[in-house]
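This report looks at charged pairs, aromatic rings, nonpolar cores and one surface patch. Please read it alongside the sequence and the structure that follow.

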Amino acid sequence: KGVCYGFNRGVDLVTGQWVEFLNSGDFLYNSAVLSDIFSGKKIDVDGVYGSMVGCVDGQRVLVEAHENVEEKAWQGMRLIHETLFVKAEIMKKFKFDTRYIVSCDGDFVLKCVASGYKFSKVNVVVYEAQAQGFSAKHWLLARKENWQITRKYFPGLQTDIFHLRGLVYFVTF
């Protein structure tokens with residue numbers, strides 16, 4: 001029934017305090033990721049996220065996370081969901097909207113931001129992807145869904161112009 005349905009099935013089984021999703025072909029960057037984020041630290045936000053290493057044009061590259069996801073939420077999800085650790089109670093409350101084929105993660109994050117939940121960047125490389133994922137293979141649908149989702153939570157001309165520009169840029173180049 002799709003990736004988002006599978007994510008929600010996993011959420012139903014969560015018993016811990018934090019949730020993080022890795023997709024097929026993804027793995028934690030190293031064995032210290034969890035301790036680098038959680039060990040001996042009081043986390044006073046609803047979610048933390050970091051950076052990733054991915055493959056772009058055959059090269060391994062560091063993809064840095066944006067500093068403030070709330071400030072630029074009108075542009076869409078400003079983090080990579082595989083780097084996000086979110087409180088389980090929030091994940092169970094909102095879950096993933098299975099109407100979205102590609103961007104259910106963006107809907108989840110923007111719904112949280114619009115509801116006042118706070119996320120904070122940590123200076124940790126969280127995961128590494130071996131290849132481009134589902135959203136890269138379905139980039140046009142992802143763009144359309146991202147625009148639709150962002151308009152739902154952050155409507156306005158600024159949102160529309162940003163997403164229309166992004167759609168036109170990717171279609172023409």
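Arg 60 counts as exposed, with a relative accessibility of 56%, where exposed means over 50% relative accessible area, buried under 20% and partly exposed in between, computed with a 1.4 Å probe and protein chains only. The model is a predicted one, in which local features need pLDDT of at least 70 and side-chain atom pairs count only at pLDDT 80 or more, while totals for chains, interfaces and linings use all residues. Residues are numbered from 1 along each chain as its sequence is written, and side-chain values use heavy atoms, with hydrogens and water left out.

Side chains of opposite charge can pair when their charged atoms come close. The side chain of Arg 60 meets that of Glu 128 in a salt bridge, at 2.9 Å from N to O; the term stands for a side-chain nitrogen of Lys or Arg within 4 Å of a carboxyl oxygen of Asp or Glu. Because Arg 60 lies in strand S4 (residues 59-63) and Glu 128 in strand S6 (residues 119-129), the pair ties together parts that are 68 residues apart in sequence. Helices (H or I, at least four residues) and strands (E, at least two) are DSSP runs, numbered from the N terminus. Glu 128 counts as buried, at 10% relative accessibility.

The structure holds eight salt bridges, and the table lists some of them.

| Pair | Closest N to O distance |
|---|---|
| Lys 95 and Asp 12 | 2.3 Å |
| Lys 121 and Glu 64 | 3.2 Å |

Lys 95 forms a salt bridge with Asp 12; Lys 95 lies in the loop between H3 and H4 and Asp 12 in helix H1, so this pair ties together parts that are 83 residues apart in sequence. Both partners are partly exposed, Lys 95 with a relative accessible area of 24% and Asp 12 at 46% relative accessibility.

Lys 121 forms a salt bridge with Glu 64, and this pair links distant parts of the chain, with Lys 121 in strand S6 and Glu 64 in the loop between S4 and S5, 57 residues apart. Lys 121 is buried, with a relative accessible area of 16%, whereas Glu 64 counts as partly exposed at 46% relative accessibility. Salt bridges that share partners join Glu 64, Glu 67 and Lys 121 into one network. Leaving aside its neighbours within four places in sequence, Glu 64 is in contact (heavy atoms within 4.5 Å) with Ser 51 and Lys 121.

The aromatic rings come next. The structure holds eight aromatic pairs, that is, rings of Phe, Tyr and Trp (its six-membered ring) with centres within 6.5 Å, where planes under 30 degrees apart count as stacked, over 60 as edge-to-face and the rest as tilted. The rings of Trp 18 and Phe 38 have centres 5.3 Å apart and planes at 50 degrees, so they make a tilted pair. This pair links distant parts of the chain, since Trp 18 is in strand S1 (residues 18-19) and Phe 38 in helix H2, 20 residues apart. Phe 38 is partly exposed, with a relative accessible area of 22%. The rings of Phe 21 and Phe 96 have centres 5.6 Å apart and planes at 75 degrees, so that pair is edge-to-face. Phe 21 is buried, with a relative accessible area of 14%, and Phe 96 is buried with 7%. Phe 7, Phe 21, Phe 96 and Phe 108 form one aromatic cluster.

What is the largest nonpolar core made of, and which residues have the most contacts inside it? The core has 27 residues, and those with the most contacts inside it are Leu 84, Val 86, Met 91, Phe 96, Phe 108 and Phe 119; a core is a set of buried Ala, Val, Leu, Ile, Met, Phe, Trp, Tyr and Cys residues joined through side-chain atoms within 4.5 Å. Helix H1 (3-13), strand S5 (84-87), H3 and H4 each give two or more residues to this core, and its largest share, six residues, comes from H4. A second, separate core of 12 residues includes Trp 18, Ile 37, Val 124 and Ala 129.

Leu 34 is found in helix H2 (residues 33-38) and is partly exposed, with a relative accessible area of 44%.
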